[in-house]
Amino acid sequence: MSILYFFLYLLLVTIVGLLYMGVARKVTAHVQNRYGPPIYQPILDVLKLFGKKDAASHGVMHTLGPVIAYTGIGATLLFLPLGNHTPLLHFNGDLFVVLYLLVVGPLGMALGAGESANSNATIGIARALSMMLGYEIIFFMATLPVFYANHTASIYKVILAQGTFPKWAAIMYPISFIAGLFAVQGLLGEKPFELVIAPHEIASGPMVEYGGKFLGFLQIWHAVGIIVETGLFVDIFFGPQNILWFFVGTFFVFLASVLVNAVMPRFRIEQAVRFYWGIPLLFAILGILQVYLWR
Amino acid sequence: MTQEEKIKKDIETTFGELVNVNIQREKRVRVNAPKNMVLPILAYLKQRGFHQFTLLTCVDWINDGEFELVYNLYSLSYNVHVLISTRIKRDTETMPTAINVYEMAFDYEREIHEMFGVVFEGHPRLDEFLLEDWKGIPPMRKDFDTRKYVEEKFGVKDLTKELFTRKEQPYRGPGSNG
Amino acid sequence: MKLFKFSQSRSLWMMHFCTGCGAVELPPTMTSRFDMERFGIMPMATPRQSDLLLITGYLTIKTLKRVVRAYEQMPTPRYVIGFGSCTINGGMYWDSYNVIKKLELYIPVDLYINGCMPRPEAIIDAFLKLREMIAKGEANAWKKYIENYEWYKKNQSEVFDVEKWSVKK
Amino acid sequence: MVSPILVIALSLFFAFVIPLLGMLSKKLPRWVPPISILVNLLILLSNMDKISGGAMLITTAGIKPPIAINLAIDRFGFLFALLIQTVGFLLSIYYLAQDTKDERFYMLFLLNILGASGIVMTGDLFNSFVFLEILEISSFGLVAVQKDKKSLEGAFKYMMIGAIGSSLYLLGIIVLYLSTGSLNMADIARLMPNIPDSIKLFAGLLFLIGIGVEVELFPLNAWAPDAYEGAQDSISTQLSSIISKAGIYLAARIFFTIFNGFYALEVVLYLGIITFIIAELAALMQKNVKRMLAYSSIGQMGLLLFVFALISKRADIFIFTTIILLALNHAFGKGLLFLSLGALTGGTREYYIDSLKGSGKSNVLAGLLFTMGAFTILGMPFFFGFWSKISALISIMKAGYVYLIGLVLLVSLFEIYYYGRVIVNIFSGEGKAQKTGFIYASIMVIFALFIIAFGVWPHPVFSFAHKAAVALFERTTYITSIMGGM
Amino acid sequence: MTMFYILLVFILTGLLTLFLGPIKVLRNIVALLGYLAGSALFIYNIKPGLIYSLNIRVYNIHFESGFSTVFFGIIILAVFLIFLLASFHEENDGAYYLFAFLTLTGAIGVLFAKDLISFFFLFETMSLFSFLMVLKGKNKNSPKSAFKYLVWSVFGGYAFLFGTFLKVYTTHSVMIGDISFIGGHIKLLILLLILTPFMVKAALMPFHLWAPDAYSDSKDAFTVFFSGGLSKIGIFGYFIALFKIFTEIASKYPWFLTVIAWLGGITATLAGIYAFMQDDAKKLLAYSSISQLGYVAVGFGIYTHYSVVAAFFHALGHAVYESLLFLVVAGVYYRVKTTDLRKMGGLIKKMPLSFIGLLFGIIATSGIPPTIGFPSKWLLYEAVIMKGDLLLTSLVFFASITAFLYSYKLVHSIFLGKLHKEHRDVKEAPLGYATGIILLLIPLFVLGVAPGIAVKHIDYIIRFYLKPELGYNLTTMTTPLGHVNFPVVGIVMVSMFVLSLIIYFIFGSTYKADQTDNYTATEAISDDFELHYAGEFYGFMRKAFGRPLKWSFEKLLNAFLKLFAFIGEIARGFYMGDARVYLFYLVLFFSLLAYLMGGKL
């Protein structure tokens with residue numbers, strides 16, 4: 001029974017993720033004063049991609065790249081409590097397990113793209129990994145005070161600790177919350193930090209050699225990734241009590257980053273990394289000091 | 001004494017009767033010079049104030065068996081164009097390169113070499129310029145018959161008849177009139 | 001699979017490879033005034049990811065080599081739309097020595113839009129027509145390429161060195 | 001049971017026979033030194049068991065000790081004599097391999113060995129001065145044998161300072177003779193308490209400088225680098241192994257047996273450390289490997305003197321044994337280094353560090369031996385130097401100067417730096433290939449064997465050195481056995 | 001008694017291999033047999049708590065084996081086996097194995113030693129013979145890096161000796177015993193001095209200058225043992241110094257521990273940054289090894305039960321995956337004769353097993369769950385957060401991100417990307433390397449899923465010194481902060497992988513595209529077209545870091561050396577000049593002494 005439940009759960013999250021992407025394209029279109037595709041357009045795209053006949057593959061690792069990417073993000077999903085609803089009942093998500101599993105996805109995709117022997121792909125990956133030096137640190141330093149204040153490293157306990165409205169971590173630790181917002185923008189790879197895909201510069205970066213069903217895999221990987229990354233942020237800073245509030249929270253956070261994405265141009269890679277070591281780092285450190293003084 | 005006359009007088013004084021100079025119209029002076037006098041004139045005009053090397057063109061006089069090379073110069077301060085033209089034998093004669101006087105001449109000379117086959121001595125790169133793996137004779141020459149070339153290259157029969165008869169074309173989907 | 005047929009027609013990813021003077025017509029079709037994205041048509045960066053190849057205007061031999069290579073790198077099913085008269089019969093370059101005259105000699109074309117650079121409305125109309133053809137299953141020019149591959153290669157070899165430029169299958 | 005006096009007599013006889021033989025044929029003189037030293041060795045070994053007790057007295061011409069010149073060999077003296085003879089014998093065999101040497105060289109060499117062994121065995125103060133003179137003059141000659149600019153300059157400097165040093169030494173003897181009326185060491189030692197302090201101090205001072213020159217104490221060792229550098233490789237081996245060891249014996253004999261712990265030794269304490277530091281620092285940036293080895297040997301002597309002077313703080317048998325161990329290690333280690341350097345440069349005299357580049361690759365044995373010599377000086381495990389360094393540090397700790405251990409270790413870090421630089425240079429790049437003769441190589445291997453063998457199993461040397469230290473320590477038994485015996 | 005026999009066996013095998021030098025096969029067999037004999041003796045006879053003292057009449061040596069001896073002994077012997085297997089493929093002469101076995105004797109001996117002098121003796125033997133191993137290194141500047149290694153390790157050795165004598169002077173006992181009862185700050189000086197050689201050996205930041213050169217210039221097989229095995233002695237030394245010698249350091253000098261923790265953090269970060277800037281595989285791995293050892297120093301610096309268990313487990317993990325990475329690079333060097341990342345590429349098609357080895361090696365280095373790297377990293381973070389030092393946690397996290405950067409650069413430049421023409425006919429790494437890779441992969445996964453095996457043993461080691469607080473059983477770890485069940489993580493990942501494989505096989509087909517069938521803006525590329533993006537892989541990060549990247553400890557050390565050279569010049573000045581000057585010295589000295597003595601005349 002749990003296998004079917006496990007499979008349906010994954011399907012639900014993928015579909016919601018694709019809908020989020022559809023909404024994102026719709027919102028960006030309206031920002032640019034045009035109608036934009038229907039919300040279910042990404043679902044159609046994914047179906048079309050899976051319908052494609054022969055996709056080029058440059059070797060075993062190339063084919064396994066998207067598969068491992070989806071494995072990584074799927075595994076992270078299962079360790080991430082959505083609101084109070086924890087997928088694997090007897091083991092609640094631990095921050096470090098989630099953080100390290102979060103990396104398995106990009107690493108798998110990076111290995112696959114590397115195998116494609118296309119320098120565009122490798123430059124894209126080099127940028128993705130260097131970007132991690134920027135946003136991953138800020139995200140970790142932003143979430144650290146919340147865990148430290150609640151004396152736990154498990155996300156589930158953090159959610160329970162933020163019961164009613166005034167006790168949300170976003171309200172109690174506003175500075176870390178702002179730093180976290182900066183980090184989420186980088187985590188999702190939205191416009192100012194969209195260096196990894198960067199279609200104009202490096203022809204959609206790592207995905208340059210992926211066509212057909214590989215691209216389909218990467219689309220659903222990106223969809224689930226949106227839910228997981230924003231979900232992690234929402235779990236820590238808003239502590240949604242039930243799954244509905246969880247999806248509402250993730251929607252609004254994602255919407256915020258999409259709006260920023262619609263209007264912002266793209267940073268150069270060293271500007272992006274240096275940006276993260278500027279104001280966001282300052283906010284993150286202030287957040288940590290606040291925890292020390294306040295507790 | 002307009003600018004054009006001043007320039008006409010200056011050229012005549014410095015180069016004497018080897019060169020004949022006439023003012024075609026306002027702001028345009030034309031100089032016809034033999035092949036070996038072209039570079040000195042260019043150098044003289046450059047320090048005279050003609051900083052812009054606008055254009056180098058070539059005209060194929062197939063009947064006289066000659067190419068005519070026209071160097072167009074322009075001076076911003078005097079707002080006057082000077083055209084220096086010279087004639088060289090079609091296939092036998094070569095032309096010294098003007099790169100060391102006007103750097104700009106580099107690409108023009110390459111293009112003319114590719115399109116007309118004029119060889120410029122001292123030019124470092126007279127290899128393939130615009131046409132990739134071009135096999136035929138330089139295409140801009142008069143003795144190059146484009147229509148025949150198109151026919152055997154692109155496998156399309158005589159086009160004039162087909163193009164200039166107006167007839168209603170019902171749309172029957174792709175490839176119907178192949 | 002009807003659902004796949006429907007999704008293929010509804011989501012067409014266009015290979016933004018501007019080959020001629022028609023390319024300037026695409027920005028208006030993409031942006032707010034005509035917005036082709038509402039039909040699910042999105043510009044993509046690489047041939048691997050796209051299904052639709054637009055030949056916008058005249059094709060010199062140089063560009064033809066790249067177009068054939070891009071076409072062969074696209075996964076099937078793939079569609080080609082030829083913009084303007086230059087792709088039909090060479091248009092105003094009918095006697096030029098380096099512009100090809102008939103596009104379908106070299107790559108199979110699904111749809112032509114005539115007009116010496118059709119306006120965005122014509123382009124949107126062409127896209128909708130292509131959508132119907134796909135939905136009806138008629139748009140299978142790509143099958144022709146695979147079936148009489150040698151014929152196309154012979155034509156191409158007349159114009160350029162096929163050995164160097166075509167993708168080794 | 002042949003009496004050791006023959007050692008002196010025979011070598012003297014052979015020394016003067018050489019010029020005669022020289023006239024007969026060029027080849028013969030080369031054979032004389034090895035034979036005579038071999039004979040000395042046999043004589044010494046035959047008296048081995050007799051010396052087990054206290055001092056062994058040999059009188060000459062039958063008269064009572066205080067008047068006659070006599071030889072007094074105790075276990076301490078015997079050890080040094082053995083050291084000098086063995087090194088001398090090895091070097092003499094080395095000279096066999098050398099061809100063009102005129103007979104005067106062999107005579108000087110034999111005289112040098114004679115002087116050294118004489119100092120070590122004599123019981124009489126004035127006699128020790130005579131042997132010191134023989135030693136110094138013959139070593140001036142030996143240094144100058146090379147006859148090029150560097151060696152002459154070195155010999156000249158050595159002679160100038162040496163002469164003054166020995167004259168001050170003679171003054172010291174005269175003062176002692178005036179105050180005690182006798183020249184015999186044991187007798188003076190016996191009468192020492194009733195000499196007034198100021199005279200004892202003045203005599204001690206004179207002796208300090210006299211021997212200081214010989215033992216390369218700080219301000220007095222200025223001659224040493226030029227002498228070592230100028231001399232031929234085998235001569236510098238002789239300088240570092242034999243001559244300075246004889247100096248150490250003399251200092252020990254005078255300051256312990258006669259002066260019974262001379263409180264001015266404290267000055268030597270600080271001078272020893274200064275010598276060590278200055279010499280090591282000087283060697284740090286030295287480009288000429290031979291001169292670098294010279295500085296390092298002065299530095300080792302400085303350390304030896306420092307440990308030597310520790311006795312004034314705390315007279316402990318262990319410190320005595322350390323002195324002997326350090327002396328042995330320095331003799332064999334430094335000897336091996338100089339010889340292997342000679343082999344590496346293959347007789348050509350440019351010792352510049354770059355000219356040695358890659359010579360270790362082409363002449364693997366010499367390179368290996370040079371590294372072994374360097375490691376034993378540095379005190380690496382599995383080498384004899386390790387035990388001598390550890391015991392030196394233990395004795396410094398026993399004397400209470402714990403923080404000085406840090407300083408010593410820091411300075412010996414410089415040692416590793418410049419030795420390492422040379423070893424690296426030897427083993428990197430492609431060098432010229434020179435072959436070393438079989439005899440030359442075998443001598444070096446014997447030196448190396450001593451280091452490795454006693455590095456792995458140091459017990460025999462320790463026990464032998466301990467017995468010698470005991471002999472040096474019991475001053476009274478020395479006096480009674482010489483005075484009372486007769 | 002068997003402890004001495006083990007050392008003897010190793011020395012004998014070393015000597016035997018020296019004499020059997022020319023006959024390659026025989027020598028290898030003897031080396032293997034000697035090793036097996038020694039390690040068999042070690043595994044069966046060495047129980048914690050054996051005491052043995054040997055009197056060599058000059059000095060009596062005391063041996064004692066504790067839990068830590070067994071723990072580190074097994075690691076070092078295992079890594080030595082991997083080294084031995086790999087070294088059979090390299091052409092090296094008899095002396096090579098003599099030095100190798102003597103280094104091993106030194107390393108194992110150090111684990112037994114109870115008294116400080118024999119500890120120093122064996123420690124120096126290890127440094128000396130590893131110096132000789134590096135001296136016989138593979139390229140022309142290996143003597144220079146060997147010399148740098150010798151100077152640094154002897155500097156450590158002499159500091160240890162000075163510390164020993166201070167200890168003997170104050171506590172009158174030469175045994176490795178507690179010194180926290182001594183009054184005054186001398187005990188801190190003793191601790192610092194005794195700790196120096198281990199900081200040098202474990203390449204903590206200011207003392208790490210020798211490591212990159214020594215690791216990259218020594219023979220590839222030996223680097224496996226050098227970085228995998230010998231650095232564990234440094235960690236064993238941390239344990240000795242911070243627990244056995246100075247037990248109450250947490251109460252007496254807590255600031256000293258935070259300094260070590262922060263030093264470890266800085267080492268991890270800076271070494272990580274230098275690592276991903278390198279263009280040579282072995283230099284990159286050398287810096288990565290230093291960075292991993294930095295984590296261990298952080299673990300010891302925090303000094304709680306959790307953090308020390310994490311440190312020990314990380315040391316074990318480091319031995320496994322670091323030697324795996326060096327082994328794979330050695331295998332690649334054996335086939336491709338270069339370690340320059342720019343010249344390699346696309347080897348996955350030719351050396352699949354090495355690729356799998358390197359892939360799981362880098363997954364472990366970056367600490368991704370199912371492998372051995374994750375438990376220690378997880379526990380270390382928990383411990384540092386529990387200590388409340390949030391800035392240090394973020395610094396360590398930053399360092400672990402640099403791990404992703406340099407490990408991807410390594411796997412990409414060697415195995416992924418475009419295959420060079422000259423590497424067309426490269427075959428898989430030979431048997432010695434392949435068996436080593438497989439042997440190392442086993443613990444990498446087993447301990448990754450069930451860390452309890454090793455944690456139980458580590459707990460015994462430090463149970464005596466720190467109150468055990470970490471809740472653990474075979475497959476899970478719980479701390480007050482969080483709980484992790486490692487097999488569950490593994491199972492979830494595998495099941496997800498199977499699921500996505502199923503999705504993969506349901507849909508459309510794929511075809512094998514040739515290397516030149518690549519999107520290069522539709523330009524036709526021929527086979528020898530240089531498409532491998534490997535040189536200056538993170539070049540733009542240089543601009544991001546900007547100027548601070550220029551500062552390096554190297555410049556600091558060179559300035560320091562110039563100072564000594566200057567002093568040297570002055571000292572040499574004294575010996576210049578001719579005889580007259582020397583006479584003047586003599587007279588001056590004489591009058592000075594006379595004046596000094598005059599007072600007492």
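Me: What area do chain D and chain E bury between them, and what share of it lies on carbon and sulfur atoms?

Reply: In this predicted model, chain D and chain E bury about 5,700 Å² between them, with 88% of that area on carbon and sulfur atoms. The figure counts as buried area because it is accessible area lost on putting two parts together, summed over both.

Me: How many salt bridges and polar contacts are found between chain D and chain E?

Reply: The count of salt bridges between these chains is zero, and the rule finds one residue pair in polar contact across the interface of chain D and chain E, both residues being at pLDDT 80 or more. On the side of chain D that touches chain E, helix 17 (residues 402-427) of chain D gives the most, with 14 residues. By class, that side has 53 nonpolar, nine polar and five charged residues.

Me: How do you know which residues take part in the contact of chain D and chain E?

Reply: The test is heavy atoms within 4.5 Å, and by it the contact takes 67 residues from chain D and 53 residues from chain E.

Me: What are the corresponding values for chain E and chain A?

Reply: Here the contact takes 74 residues from chain E and 76 residues from chain A, and the two chains bury about 6,700 Å² between them, 77% of it on carbon and sulfur atoms.

Me: Why is the meeting of Lys349(E) and Glu115(A) called a salt bridge?

Reply: The side chains of Lys349(E) and Glu115(A) meet at 3.8 Å, N to O, and the cut-off for a Lys nitrogen and a Glu carboxyl oxygen is 4 Å, so the pair qualifies. The count between chain E and chain A is one salt bridge, alongside 15 residue pairs in polar contact, with both residues at pLDDT 80 or more. Several elements give two or more residues to the side of chain E that touches chain A, among them helix 14 (352-365), helix 15 (373-387) and helix 19 (486-506) of chain E. The largest share of that side, 14 residues, comes from helix 16 of chain E, and its residues divide into 46 nonpolar, 19 polar and nine charged.

Me: What makes strand 1 of chain A and strand 6 of chain E a pair?

Reply: Pairing requires at least two bridges; strand 1 (residues 54-57) of chain A and strand 6 of chain E have four bridges in the parallel sense, so they pair. Within this arrangement, Asp54(A) stands opposite Ser509(E) in strand 6 of chain E.

How values were computed. Residues are numbered from 1 along each chain as its sequence is written. Chains are lettered from A and ligands numbered from 1 in the order in which they are written. This is a predicted model: local features need pLDDT of at least 70, side-chain atom pairs count only at pLDDT 80 or more; totals for chains, interfaces and linings use all residues. Side-chain values use heavy atoms; hydrogens and water are left out. Buried area is the accessible area (1.4 Å probe) that two parts lose on being put together, summed over both. A polar contact is a pair of N or O atoms within 3.5 Å; within protein, one must be able to donate a hydrogen and the other to accept it, and residues adjacent in sequence count only if both atoms are side-chain atoms. Ala, Val, Leu, Ile, Met, Phe, Trp, Tyr, Cys and Pro count as nonpolar, Asp, Glu, Lys and Arg as charged, and the others, Gly among them, as polar.
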